[in-house]
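Subject: Structure handover

Hello,

Here is the structure I promised you. Please open it next to this email and follow along.

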Amino acid sequence: MSVEETCNSMQQAPVTASQSSNVEEASSRCHFAAMNGHKQPHQLLMDNWQSAVTVAMVSVPLSISLGIASVAGDDAAAPTMGVATAFWGGLIAGLFGSSDHNIVGPAGALSGMLNSYTIQFNGSGVLPYLSLISAVWCFLFWLLNLQRYLLLMPKAVFEGFTMAVAVIIGFNQMNMAFGLRPSGPKHEHFYENVVESFKVLDKAQLAPTIFFFVTCGLLLALAKYLPKIALAKYVAKTEEQKRKGYSIPWTVIIPLSTLIFGYLSNTDNLGGIELPTLKDKYGTLTARVFEPPFSKPLSFYANGKVGGILTASFGVAFVAVLETLISAKIAEQKTDWAFDEGQEGLGITLCHAVCGAVGAMPPTGVFVRTALNFGLGATHKLSQLLNALVVLIISVAAMPVFSYLPQASVAALLVYASVRMMPIHYTMDLWRNDKGSCALLIVTALICVFMDPVYGLIVGMIVALLRDAAETAAADARLTMLGQVRKGIANAAGKPMDDEADLNEGGDVGFQRGVSAGSQRSLRTIDYDVETGLRGRPSPIALLMTMLQSLTGTSKQASNADAKIEGDLAGGVILYEPIGPVVYLAADRHCARLKGLLTQKTKPTSVVLSLELTPRVDVDGSTALDKGIKHLRDAGVPVKLVVPPQLKTGVLGRAGWLAGLEKEGQVFQHRRDAWKGFENSFDCERENSVDCEQHPAKTEV
C-alpha cells in the first residue's frame, strides 16, 4: 500500500466509525421496552401476534353478546356497538395506556348498568353520549389523582358488586335462552323485567331451551375439565409455557360451531326445528366502525332528566376507572410487570372520549380477556393494538356471518361468563373466617341488584370506611409499667424473678425492658378499657349475638384471670405509647386513657408519653393530648413527652402547649432520653428482697 492510500484510509476510518455509531443510535431508537427486554418492532410482532389473534377471536362473539346485554329491547345497533367498542377501546388503550397486558373493551361490569340506562333514556343512542360525558369525569379523576382513592375499596365490596353484575347478566338472558316474549312493558329496574319473564315462563320454546342448556353445559364442563392442552417441545417457547400448556379458547370454538345450527334453522334445513338467531331479532348484522351519535341531540334522550344523565355518566366513569385499574393490577401481580396508574387512567379517559365520538358504548378493562392475553405470553401492549385490528378485520369481513348465531348460544355464552364471575369461593371463605365482611358483600350485592350498581358500590364503600373508622377509634396503644412489681406475683412464683426476659424487641440501646417471668402479662385494648370503664355499651344486636353464642357454647371469652389492672399500674412510672395516628377518630380515647390512670388506688409517680409509634397528629389529636397531659399534671403527676422530629413539622410543631413543655425541659426526641431520669430510682440490689426488685411489667392496650 502506498503512503497516499494509507493516508486516505486513515482519513476515511473516522467517517466509517461515525456512520456505524449513527446506525447503532438509530437502531436503538427503534427499541421498545417489553416484559422480556428491549425489542425491535419486528421482534415485538413475533412475540405478540398469537396472543392478539386468539384474544380477538374470543372478543368478537363475546363483544356481540355484551353489546346485546348492554341494550334493552330489540335495537339492531346492540351487537355491532359491542364490537365497535372492542375495536376502538383496544386501539386507543394500546396507543395511550400503560399496562402491557390490560385489554379494554365492552365488559359485563358495565352491561347491567347500561341496560337500565337505555330503558331510562330512550334507547341505545344515549350510550355514546354517556361515554363522552363519562370521559369528562374520568379526566377529572386523572387530573385530581383520585384514582388512588378508588382503590381504597375493600375486596368484599368489589366482589359484592361483581356478584350483582353476574346475577343481572345471567337472569337478563332468560328471554333469549328460553325463547320468551314477555308482553309487559320494559321497566327501569332489572328485577322487574325478570318478573315479567317469569310470568311467561310456561310458554318457553323447547328447541332453544334444550340448545341453551346443552351449549352452556358444554362451556362450563370443558372450561373446568379440559381448559388446556400440553404443548410439544418444538411448540413451547419457554419451559413455563411447556409446563402450563395452551389454553383452549372454548368461548370461541363452541359459539362458532353453533353458527352451523343457526344457519340450518334459518334456511329451514334443520328438520323443522326452529332455533331463533340474531338475524331473526336484529336483521343481518353489518360492521359499525364510525357512526357519530349527533343525529339526535342529547336532550332527546335526557327527556328533561339532565341530572339523571350526569349521575349515570359518573357511575359509568367510576366503574370504568375502577375496573380498568383492578384489571391492570391483576396482570401486574401475575406477571410481575408494573404499569403506571396515572397513564392507565388517562388511557381509559381517551377511550371513553373516542368511543363516544364514533358512536360506540363506554369501554373498560376486562378481566377474562386480560388474563387470556398475559396467559398466552403477551409481552407488550402491541398485543392489544393487534387485537383491535383483528377485531376490525373480522367485523368488516365476517359480521354478516354472525347473524346466524343462535340466540340461545349467545345466552349460554353470557350465562357462562356470569357463572365464572360469581365469587363463590371468596364468599365461602368470608363466611368461614370473616362474617362481617361476608355481610358487607351480600348487602352490597343486594343494593346493586334491587337499586343501582353505583349505589351499591358507594354504600358498600361508606359502610366499609365507617367500620374501619370505628376500629381506628379504638385507639391502639401500648401501656408499660416501669418500676414496681406486685408482691403477690413474686411470692406466688416461689423463686426469684428472672430478669433475663426482654421486651425490648426493637433493640433500643439504653432502654432495656427486662421483665420477670411472673410479672410479664399482656392485655388487649378491650380488657384495659373494660377495667377502667372506657368501653362503650355494646349494641342490642351485639348483646343478642353474645347471648346466642353463650347458649350454643360457641362464645369465645378471653381468660380474665390476669386481667386485673388495678395494682399493676399503680405507684410506678407509666410509659404510654399510642400506636398509629392520633387523629380525630382516636383522640378522645387516648385522652380518656391518660385521665383513667388517675382512677387507680395509687396514682402513678410519673408518666412518659411517647409518640414514636405515631405517624401523624391532627388538630383534634393535639388538643386531646394537651387535655390529657393537663389532667395528669393538675393531679400532681409529672409528665415527660417524647416527640420525634418528623412530628414537629406538622400540627404539634405549632402547638403552644408543646412549646411550654419544651421550655420546662419535659420534651425529648427519644424515650431513652426521657428514661434516664428514672434509672437511679429503679436500681435496687437483688439480694435485699424480692419485694424490692424493680422490673417493668408490660400491658398492651
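Leaving aside its neighbours within four places in sequence, which residues is Ser-99 in contact with? They are Ala-328, Phe-339, Glu-344 and Lys-381. Please keep in mind that this is a predicted model.

**Around Ser-99**

Start with where Ser-99 sits. It is in the loop between helix H3 (77–96) and strand S3 (103–105). Is Ser-99 buried or exposed? Its relative accessible area is 5%, so Ser-99 counts as buried.

- A polar atom of the Ser-99 side chain lies 3.2 Å from the backbone nitrogen of His-101.
- A polar atom of the Ser-99 side chain lies 3.1 Å from the backbone nitrogen of Asn-102.**The whole protein**

Now step back. The protein has 29 helices and 14 strands. It has 701 residues, and 48% of them are buried. Next, take contacts between residues at least 6 apart in sequence. Of these, 82% join residues at least 24 apart. The protein exposes about 33,700 Å². Carbon and sulfur atoms supply 60% of that area.

**How confident is the predictor?**

The average pLDDT is 82. A score of at least 70 is reached by 77% of the residues. Which elements have the lowest and the highest mean pLDDT? Helix H23 (residues 487–493) has the lowest, at 33. Helix H5 (residues 126–143) has the highest, at 97.

Two stretches need care when you read the model. Over residues 23–27 the pLDDT is below 50. Beyond near neighbours in sequence, that stretch has one contact in the model. Over residues 684–701 the pLDDT also stays under 50. For residues 684–701, however, the model has 61 contacts beyond four places in sequence.

**Rings**

How many aromatic pairs does a search of the whole structure find? It finds 17. Look at two of them.

One is Phe-178 with Phe-212. The pair is edge-to-face, with 5.8 Å centre to centre and 80° between the planes. Phe-178 lies in helix H8 (residues 174–178) and Phe-212 in helix H10 (residues 206–225), so the pair ties together parts that are 34 residues apart in sequence. Both Phe-178 and Phe-212 are buried.

Another is Tyr-263 with Tyr-404. This pair is edge-to-face too, at 5.2 Å centre to centre and with 80° between the planes. Tyr-263 belongs to helix H12 (residues 250–266). Tyr-404 is in the loop between helix H18 (382–398) and helix H19 (407–421). The pair therefore ties together parts that are 141 residues apart in sequence. Tyr-263 has a relative accessible area of 43%, so it is partly exposed.

Rings also group together. Ring pairs link Tyr-129, Phe-294, Phe-300 and Tyr-301 into a cluster.

The charged end of Lys-224 is over the ring of Tyr-225, 5.7 Å from its centre. The charged end of Lys-435 is over the ring of Trp-431, 4.8 Å from its centre.

**Helix H17**

Which residues of helix H17 (residues 367–375) are buried? They are Arg-369, Thr-370, Leu-372, Asn-373 and Phe-374. What do the buried residues of H17 pack against? Their partners are helix H2 (41–70), S3, strand S5 (246–247), H15, strand S6 (364–366) and H18. After H17 comes Gly-377, whose phi is positive, near 95°.

**Positive phi outside glycine**

Two more residues deserve a look. Asn-303 has a phi near 55°, which is positive in a residue other than glycine. Asn-303 is found in the loop between helix H14 (298–302) and helix H15 (306–335). With a relative accessible area of 57%, Asn-303 is exposed.

Ala-475 has a positive phi as well, near 60°, and is not a glycine either. Ala-475 lies in the loop between helix H22 (453–472) and strand S7 (477–482). Is Ala-475 buried or exposed? Its relative accessible area is 1%, so Ala-475 is buried.

Best wishes

Notes: Residues are numbered from 1 along each chain as its sequence is written. Side-chain values use heavy atoms; hydrogens and water are left out. Helices (H or I, at least four residues) and strands (E, at least two) are DSSP runs, numbered from the N terminus. Buried means under 20% relative accessible area, exposed over 50%, partly exposed in between (1.4 Å probe, protein chains only). Contact means heavy atoms within 4.5 Å. Accessible areas come from the Shrake-Rupley method with a 1.4 Å probe; for residues, only the protein chains shown count as cover. Rings of Phe, Tyr and Trp (its six-membered ring) pair if their centres lie within 6.5 Å; planes under 30 degrees apart count as stacked, over 60 as edge-to-face and the rest as tilted. A charge sits over a ring if NZ of Lys or CZ of Arg is within 6 Å of the ring centre and within 35 degrees of the ring normal. A polar contact is a pair of N or O atoms within 3.5 Å; within protein, one must be able to donate a hydrogen and the other to accept it, and residues adjacent in sequence count only if both atoms are side-chain atoms. pLDDT is the predictor's confidence in each residue, from 0 to 100.
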